Amino acid sequence: MAWSKEQIHLMGTVIDIMIEHEEPTILLNNCVEELKCYEKMFSANSQTSELMAINLQAGKSEVKVHRNLFELIKLGKEHSLPVDSHLNIAIGPLTQAWHIGFEDARVPEQAEITSLLKKINPNRIHLNEANQSIYLEETSIDLGALANGYIADLMVADLKRKQVTSGMINLGGNVLVFGNPPNENRDEWYIAVQVPEQSQSKERFLMKVNDKSIVTSGVYERVLKKGNQVYHHIINPSTGYPVDTDVLSLTILSDKSVEGEIWTTRLFGKKAEEMIKEINQTKGIEGIVITKTMSYLSAGIKQYL
């Protein structure tokens, strides 16, 4: 058995895959091809993706989609509907208007934002379970808050079906590990949680995990600078502007990577204390919240530090 690693630039991010297998090179090549297929399915920035086909038919006709895309849209809508959720997969019109992280990023006028806020209701997304098809009223879907985690979970499940017993996927900062780490002297994977430079917290976090996902969302990841103003990429679906918060990052530990994506997005925009309270009340997740002045830990996270 041998360890092998592959790094590729795809879906607008850096992806690292490391596995232990008798024929790792063949499997890693397969992973690269799978990632290209997923990009063609889930991308909101490609005119030829399956997701874009849905968006282009908004207000016109329903679109039959691959079961994976249907499943993720269904999951995303479910978590977009709670009134206190900051996750909204119908936020596409707003994220496209701001487009932070891309060369054409800009600050929309207030009138434009006011108009777009009327279009981002997740109830405009209609699911036809029998046909596995999607119909949109005048809006567009953006799965950027969920797709990386969902893809990582699909890839790990596929690798396990191919008898890969140990590995790691780092999909743009979404880390998912399974089996034993390559260091024979350790029984657990050691994953560092980034502490943003702006934080005055003295704490540093090293998580020791097996068969877990670690997802971190932060306001430092992608920004737009206009004059003296800095706008980050996490848009508040209630205001149409980047979230106003002193929270720099939120890390969620979970079994599935898509769960981490869901909860980092659902919670980002709330106060740190509210985030930790909700994490403590939600089965299957733990978390770390880092603000400009301090860090907050969920009740069960210390066993992993």
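1. Which residue stands opposite V230 of β12? K225 does. Strand β11 (residues 223-226) and β12 run antiparallel and are joined by four bridges. Helices (H or I, at least four residues) and strands (E, at least two) are DSSP runs, numbered from the N terminus. The hairpin of β11 and β12 has two residues between the strands, and G227 there takes a positive phi near 60 degrees.

2. A word on the source. This is a predicted model, in which local features need pLDDT of at least 70 and side-chain atom pairs count only at pLDDT 80 or more, while totals for chains, interfaces and linings use all residues. Residues are numbered from 1 along each chain as its sequence is written, and side-chain values use heavy atoms, with hydrogens and water left out.

3. Start with the sheet of eight strands. It is open, its pairing is antiparallel, and its order is β1-β2-β6-β7-β10-β13-β14-β15. Two strands pair if DSSP finds at least two bridges between them. β1 (2-10) and β15 (295-297) stand at the edges with a single partner strand each, so one side of each has no neighbour in the sheet. From one strand to the next, the twist averages 10 degrees.

4. Look inside this sheet at one pair. Strand β7 (residues 174-178) and strand β10 (residues 212-218) run antiparallel, joined by three bridges. V177 stands opposite K212 in β10. Helix α7 (residues 257-267) packs on the sheet and touches β7, β10 and β13 (247-254). The direction of α7 makes about 150 degrees with that of β13. Angles run from 0 to 180 degrees between N-to-C directions, and axes are lines fitted to C-alpha atoms, for helices over the stretch in contact.

5. Helix α1 also belongs in this picture. It lies across β1, β2 (13-21) and β6 (166-171), and runs at about 25 degrees to β1. Contact here means heavy atoms within 4.5 Å.

6. Now the helix pair α1 and α6. Two packed helices are described by the angle between their axes and the distance between the axes. For α1 (residues 24-42) and α6 (residues 147-161), the angle is about 145 degrees and the axes are 11 Å apart. α1 passes α6 in a right-handed crossing. A crossing is right-handed if the near helix is turned clockwise from the far one by less than a right angle, and left-handed if anticlockwise. From α1, the contact uses C31, E34, L35, Y38 and F42. From α6, the residues include Y150, L154 and D158. By class, there are 10 nonpolar, no polar and two charged residues in this contact. Ala, Val, Leu, Ile, Met, Phe, Trp, Tyr, Cys and Pro count as nonpolar, Asp, Glu, Lys and Arg as charged, and the others, Gly among them, as polar.

7. There is also an open sheet of three strands. Its order is β3-β5-β4, with antiparallel pairing. β3 (63-64) and β4 (125-128) stand at the edges, each with a single partner strand, so one side of each is left without a neighbour in the sheet. Two bridges join β3 to strand β5 (residues 133-136). K64 has S133 in β5 as its bridge partner.

8. Which helix packs on this sheet, touching β4 and β5? Helix α3 (residues 67-80) does, and its direction makes about 130 degrees with that of β4. α3 also packs with α7, at an angle of about 35 degrees and with axes 11 Å apart. That crossing is right-handed. L72, L75 and H79 in α3 meet V258, I262 and R266 in α7. These residues divide into four nonpolar, one polar and one charged.

9. The second largest pocket has a volume of about 280 Å³. Its lining has 15 residues, and V219, V230, H232, V243 and T245 lie nearest its centre. β12 (229-232) and β13 each supply at least two lining residues. The largest share, four residues, comes from β12. On a 1 Å grid over the protein atoms alone, a pocket is an open set of points where a 1.4 Å probe fits, with protein on both sides within 12 Å along at least five of seven lines; lining residues have an atom within 4 Å of a point. Grid points are joined across faces, edges and corners, and a volume is the space filled by probe spheres set on the points.

10. Last, two backbone points. Most residues other than glycine have a negative phi. M11 has a positive phi of about 55 degrees although it is not a glycine, and lies in the loop between β1 and β2. Q163 has a phi near 65 degrees and sits in the loop between α6 and β6.
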